[in-house]
Amino acid sequence: MRKITPIEFIDSSAVRLLDQRMLPADVVYNNYSNIESLSQAITDMVVRGAPAIGITVAYGLALAAFNAKSNDISVVKQAVQDADSYLRKSRPTAVNLFWALDQVHAAVPEGITDAADYCKAIESAVDTLAVLDIETNKAIGYHAMAVVPDDVTFIHHCNTGSLATMEYGTALGIIRIAHEEGKKVNVFVDETRPRLQGSKLTSWELKELGIDHRVIVDGASGHVMSTQNVDMCVVGCDRVAMNGDVANKIGTYNLAIVAKEHGVPFYVAAPTSTIDQGTAKGGDIAVEERAAQEITMIGSERIAPEGIDVFNPAFDITPAKFISGIITEKGIVYPPYEEGLAALFKS
Ligand code: MRU
């Protein structure tokens, strides 16, 4: 498959993003050379997917540091702090955004006094996070092989692949590794209304990988589970609460309920960076609401009357009781989640 590079830091002067709004029709890269435009790109979903958002804001800190163009480290540190505050407002639900910013600050050695060294230390901290993301995704995929049959039919929601991470992906990484391991893989791809991450992005990635799949409308999952021998659902997530409730793309909760009714295992792929030790339960997670046009328009075509009211939550909360297991890079966590998730952070 051709290498997908959703995020790059270019010449210490710009963050380059693959514009996911243009896929699958066009592969277009945009360079963002200031924090305001980079933050807007995240809000507009040029880049999306929890881990990818995290790496993007982390490179945003590097961008702010180099852009300060100062030999005075206090000036550079202030620019980085200002960028941090600005980027934290770009999207609210994916905890990876906040996690990645915190990781970069924690990784930069305190004793640095030279401004240029400080800039390089930030860039290098982000490069390390980016590499770690790929290793993490592969570990999730290999742990998952314990529960993936050799001849497997998945349902997958949204996009959780190389576009949503630095490579491989989380839930889609499981599907990719199952394929690489020689399992016979079939995927039903939820189209994922309203922004169609499933049909536009996941189907594009699966086609590139040569993995058999069929796109379905989100409302087809009940029929598909009752007629098509689905073995398991795999989804990603934007935030896991410590009781095992999970925030993910709108429609995930419906899929989980349907899976429970049909006895289909429902797995959530979650790097530990998506598990929020500061959130006790799903109800505490901020769910982003987005513009009405995402529902009333498809491209330039209006599909609902002018002036109607719309409710457009971008995510929903799937209660822990619907989740068979949470697959992390450290292994699979099973219920009761309070104990299993807390244990991940003790070792
Ligand atoms: O609104 P999006 O496209 O950023 O939502 C993405 C998802 O819900 C993904 O499932 C999640 O971020 C995990 S990506 C590995």
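Me: How far is the sulfur of Cys 237 from the closest cysteine sulfur, and in which residue does that sulfur lie?
Reply: In this predicted model, a disulfide requires two cysteine sulfur atoms within 2.5 Å. The sulfur of Cys 237 is too far from its closest counterpart for a bond. The separation is 11 Å, and the closest sulfur belongs to Cys 158.

Me: Is Cys 237 buried or exposed?
Reply: Residues under 20% relative accessible area count as buried. The value for Cys 237 is 8%, so this residue is buried.

Me: How many disulfides does the structure hold, and how far is Cys 233 from the nearest cysteine sulfur?
Reply: The structure holds zero disulfides. Cys 233 is accordingly in none, and the nearest cysteine sulfur is that of Cys 158, at 14 Å.

Me: What is the relative accessibility of Cys 233?
Reply: The cut-off for a buried residue is under 20% relative accessible area. Cys 233 counts as buried because its relative accessibility is 0%.

Me: Which strands stand at the edges of the open three-stranded sheet?
Reply: The strand order is 1-2-3, with antiparallel pairing.

Me: Which residue of strand 3 is the bridge partner of Leu 18?
Reply: Strand 2, residues 14-18, pairs with strand 3 in the antiparallel sense over four bridges. Leu 18 has its bridge partner in strand 3, namely Tyr 29.

Me: At about what angle does helix 2 run to strand 1?
Reply: Helix 2 comprises residues 50-67 and lies across strand 1, strand 2 and strand 3. Its angle to strand 1 is about 10°.

Me: Is the aromatic pair of Phe 9 and Tyr 59 stacked or edge-to-face?
Reply: The structure holds three aromatic pairs. In the pair of Phe 9 and Tyr 59, the ring centres are 5.5 Å apart and the planes lie at 15°. Planes under 30 degrees apart count as stacked, so the pair is stacked.

Me: Which residues do ring pairs link into a cluster?
Reply: Phe 9 in strand 1 and Tyr 59 in helix 2 are 50 residues apart, so their pair links distant parts of the chain. Both residues are buried. Ring pairs link into one cluster Phe 9, Tyr 59 and Phe 66.

Me: Over which ring does the charged end of Arg 176 sit, and how far from its centre?
Reply: A charge over a ring must be within 6 Å of the ring centre. Lys 249 lies over the face of Phe 315 at 4.3 Å from the ring centre. For Arg 176, the ring is that of Tyr 168, at 3.7 Å.

Conventions:
Residues numbered from 1 in each chain as written. Predicted model: local features only at pLDDT ≥ 70, side-chain atom pairs only at ≥ 80, totals over all residues. Heavy atoms only, no water. Pairing = 2+ DSSP bridges. Helix = DSSP H or I, 4+ residues; strand = E, 2+ residues; numbered from the N terminus. Contact = heavy atoms within 4.5 Å. Axes fitted to C-alpha atoms, helices over the stretch in contact; angles between N-to-C directions. Phe/Tyr/Trp six-rings, centres within 6.5 Å; stacked < 30°, edge-to-face > 60°. Buried < 20%, exposed > 50% of the residue type's maximum accessible area, 1.4 Å probe, protein only. Lys NZ or Arg CZ within 6 Å of the ring centre and 35° of its normal.
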